[in-house]
Amino acid sequence: MLTAFEKLYKILQLEKEQGYRNRAVIGGLEKLISNWQDEARRQATIPEHQAVVDEIVSLLNNYPALTETGARAQVIEQILRKLKAAPEPAAQPIYPQTQEPVEETRPELIEAPHPSPPSPPAAPVTPRPSPPRGERPGLDSPITVISGISEGYARRLARLGVYTIRDLLYLFPRRYDDYSALKPINRLEYGEEVTIIGTIWNTKVRQTRGGGVVVNTIIADASGTIQATWFNQPYLADKFKPGRRIVLSGKVDEYLGRLTLRSPEWEPLDQELIHTARLVPVYPLTKGISARWLRRIMKRTVDYWSKRLPDHLPASVRERADLPDLETAIAQIHFPDNWDSQKRARRRLVFDEFFLIQMGVLRQRHLWRSQDGRALDINWELVQEFIQSLPFALTSAQQRALNEILADMQQPQPMSRLLQGDVGSGKTVVATAAMLAAVGSGTQAVLMAPTEILAEQHFKTISSLLEKYEQGEASPLRRPLCIRLLTGSTPAAEKQAIYEEIRNGTADIIIGTHALIQEGVEFRELGLAIVDEQHRFGVTQRGMLRSKGRNPHALVMSATPIPRTLALTIYGDLDISVIDELPPGRQIIKTRWMLPPERERAYAFLRSQIAQGRQAFIICPLIEESEKIEARAAVAEYERLQTRVFPDLKLGLLHGRMKAADKEAVMQAFRRGELDILVSTPVVEVGIDVPNATVMLVEGANRFGLAQLHQFRGRVGRGEHQSYCILLADSSTDGSEERLRAVENTHDGFLLAQKDLELRGPGEFFGTRQSGLPDLKLAQVGDTPTLEQARAEAQALFREDPELSLPEHRLLARKLEQFWPQESDLS
């Protein structure tokens with residue numbers, strides 16, 4: 001702690017440096033006299049000290065009246081001599097002197113093996129890696145080779161997905177605090193984010209009633225003074241010594257009518273600035289890692305390792321697309337010089353993500369389409385007869401999608417197509433016509449669904465649509481059609497019989513779950529493989545289904561409307577058919593969102609519908625921690641509803657931890673009308689079709705994405721009665737309110753999907769990703785122009801060198817191997 005003599009000595013040295021203009025202290029040295037005299041007298045424990053204090057005060061009182069610089073210089077020199085010659089008084093500590101970290105929590109000291117006091121932070125230096133056994137560290141070395149990252153910190157960084165130096169370079173800021181606006185103190189305004197450069201005047205520490213510590217520091221520049229306050233960081237008092245020049249950045253606050261800075265970022269002026277006076281990166285954090293620590297580590301890592309990143313993007317592509325090199329992009333995304341540099345860096349890195357994904361899907365498409373398939377001889381008479389036998393007319397969108405699919409099936413290259421459509425748009429009818437066409441050409445067709453419930457529903461729907469063909473009525477098939485259902489619940493004896501029918505070709509259309517890809521399932525001649533709800537299957541499962549035949553035509557169906565940006569990215573290897581038109585007469589489901597106080601009204605409405613003979617769904621809140629916790633919460637909610645809210649009604653429970661047979665029993669009871677209300681976790685989203693259910697009540701609706709809420713809504717409105725969707729939010733924020741209003745007012749799944757993508761970004765769009773795609777760290781919906789450009793460049797490069805065998809493409813080939821999961825197979 002500085003004594004009063006030491007403080008005055010520093011201030012007078014500053015006055016000397018400034019040319020004796022009486023500006024070292026705002027308001028002149030005379031403003032300092034009273035406080036300094038009191039503090040110096042408290043510390044003056046012997047008469048010699050008190051005499052020196054009185055002499056200095058007398059000289060200081062006369063100083064402002066002197067007009068000549070020479071006279072002022074003589075006074076300052078006289079006081080400085082007295083201060084140096086006087087015996088040094090002992091400073092009385094203002095608060096208990098305990099050794100504290102250098103900055104904030106200084107997390108790197110948590111695991112220090114000895115209690116020696118930390119030294120002040122040094123200027124940024126090149127990391128000094130210490131790789132094991134003499135090996136030179138590389139970009140794929142563990143982060144512990146970076147100076148300052150212990151094993152403990154490595155474990156914390158792992159929670160952010162950071163294991164290697166390369167991972168750390170690609171841990172991008174979430175946002176930036178703009179502290180680039182440098183202003184004099186007298187021009188500060190309440191509420192603005194600013195940076196000031198000033199000299200510390202004095203620092204005081206006080207304890208609060210609750211035992212906390214407040215550090216108040218007065219900072220001055222030539223225009224005025226301002227107080228900065230920090231809480232529970234008493235060690236800062238040792239840092240903020242009078243006369244020290246520092247930089248502060250933060251939001252201007254107000255206290256008792258005076259402008260202040262509360263807990264601003266700060267740095268000494270003589271160091272390279274990374275926390276203040278610039279665009280300051282704000283990174284995702286986790287417990288045990290502070291923003292300042294991570295920023296310091298990042299700065300050192302980026303300075304050293306960005307120069308060692310090989311640039312995988314060919315120079316010709318960079319020039320055409322007007323992109324900076326990778327070293328510049330990484331450096332400027334982390335510590336941008338200005339907003340323009342940050343935007344250019346981000347555009348380069350977004351381009352990289354899209355470009356590498358496009359190269360991967362183009363390679364997949366090339367591999368798939370270069371294989372020999374089977375051109376099917378479509379029996380158009382059979383297809384037309386089926387369409388005319390339907391009790392409704394196909395929409396123009398359905399007809400267009402079917403024509404595209406059938407045209408592909410006539411080609412010798414295997415079809416690889418996505419059929420996209422909103423809930424209730426009629427994808428199943430189109431898929432049924434395609435399967436019938438495959439059978440009519442002498443091959444088999446298979447449809448794989450993600451759940452037994454959905455597989456059985458498909459089986460019932462398709463069997464109903466093709467009933468006349470199953471009964472062997474006169475048709476171009478000239479024989480009865482054989483449709484089989486194969487799931488994990490199929491009895492063993494029945495399974496063996498179905499296996500044999502598939503093997504000898506008796507079974508024409510096989511519908512099932514993952515049981516279709518197990519050992520023992522061998523097709524005689526598989527012509528068409530359809531996967532429903534694509535993103536719910538693992539990559540390996542899809543590949544195994546396709547491998548059951550000799551490169552069959554492949555159709556992927558998705559009831560989750562996907563915006564063009566994401567569709568081009570995720571399904572870039574597939575041709576896309578979109579059913580963007582609902583069948584005429586499809587009712588609009590009345591939707592309303594409510595807050596917790598309105599819950600009783602929602603229950604009353606649900607009860608009124610049941611009184612009319614209808615049924616209802618209640619979806620329990622989404623719990624992300626685990627399926628086990630979610631199931632437990634669902635059981636508790638079911639018991640609460642059954643005993644306290646609807647004791648006179650019959651309720652059923654459905655959750656993901658139940659056995660398949662138990663789930664099926666509950667669903668069958670609900671379908672038969674034996675249950676009034678089905679309480680379910682989000683497992684109900686896909687595939688439950690109960691025409692008598694007219695109410696969908698979603699608890700904790702604010703926790704779900706728009707696309708998922710739209711899927712829930714699609715579970716009702718399947719019968720003749722008006723249906724309703726009630727969205728009960730358990731809290732309200734601006735973001736959740738915007739989402740819920742969007743669902744309330746919009747019934748177009750594609751518009752909602754676009755909104756969902758804008759609000760949550762592509763990384764969260766599918767929830768738990770199973771698409772087999774690499775992560776999109778930066779790309780957003782607004783990056784469509786960059787996506788289109790990356791796609792065009794990828795297609796041009798792929799035409800030139802599909803194997804990436806040219807010397808200038810070797811780095812790109814290596815990057816693709818790193819970027820893509822080992823087994824990625826999107827189609």
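Contact here means heavy atoms within 4.5 Å.

**Figure 1. Overview of the chain.** In this predicted model, local features need pLDDT of at least 70 and side-chain atom pairs count only at pLDDT 80 or more, whereas totals for chains, interfaces and linings use all residues. Residues are numbered from 1 along each chain as its sequence is written, and side-chain values use heavy atoms, with hydrogens and water left out. Of the contacts in the chain with a separation of 6 or more, 73% are accounted for by residues 24 or more positions apart. The secondary structure comprises 28 helices and 21 strands, taken as DSSP runs numbered from the N terminus (helices: H or I, at least four residues; strands: E, at least two). Buried residues (under 20% relative accessible area, with exposed over 50% and partly exposed in between; 1.4 Å probe, protein chains only) make up 54% of the 827 residues.

**Figure 2. Packing of helix 1 against helix 4.** The axes of helix 1 (residues 4-17) and helix 4 (residues 69-85) come within 10 Å and cross at roughly 150°; axes are lines fitted to C-alpha atoms over the stretch in contact, with angles from 0 to 180 degrees between N-to-C directions. The two helices are therefore roughly antiparallel to each other, a term for angles over 145 degrees. Helix 1 contributes Phe-5, Leu-8, Tyr-9, Leu-12, Glu-15 and Lys-16 to the contact, and helix 4 contributes Ile-76, Glu-77, Ile-79, Leu-80, Leu-83 and Lys-84.

**Figure 3. The largest nonpolar core.** A nonpolar core is a set of buried Ala, Val, Leu, Ile, Met, Phe, Trp, Tyr and Cys residues joined through side-chain atoms within 4.5 Å. The largest has 59 residues, and those with the most contacts inside it are Ile-149, Leu-157, Ile-330, Leu-349, Phe-355 and Met-359. Elements giving two or more residues to this core include helix 5 (151-158), helix 8 (291-305) and helix 28 (810-819). Helix 11 provides the largest share of this core, 11 residues. Not counting residues up to four places away in sequence, Ile-330 touches Leu-169, Tyr-170, Phe-172, Val-302, Ser-306, Leu-309 and Leu-349. Another core, of 42 residues, lies apart from it, with Phe-386, Met-409, Met-415 and Ala-431 among its members.

**Figure 4. Two loop residues with positive phi.** Asn-232 has a positive phi of about 55° although it is not a glycine. Asn-232 is found in the loop between strand 4 (224-231) and helix 7 (236-239), and counts as exposed at 53% relative accessibility. Asp-322, also a residue other than glycine, has a positive phi near 55°. The place of Asp-322 is in the loop between helix 9 and helix 10.

Notes: Angles under 35 degrees count as roughly parallel, over 145 as roughly antiparallel, 65 to 115 as roughly perpendicular and the rest as oblique.
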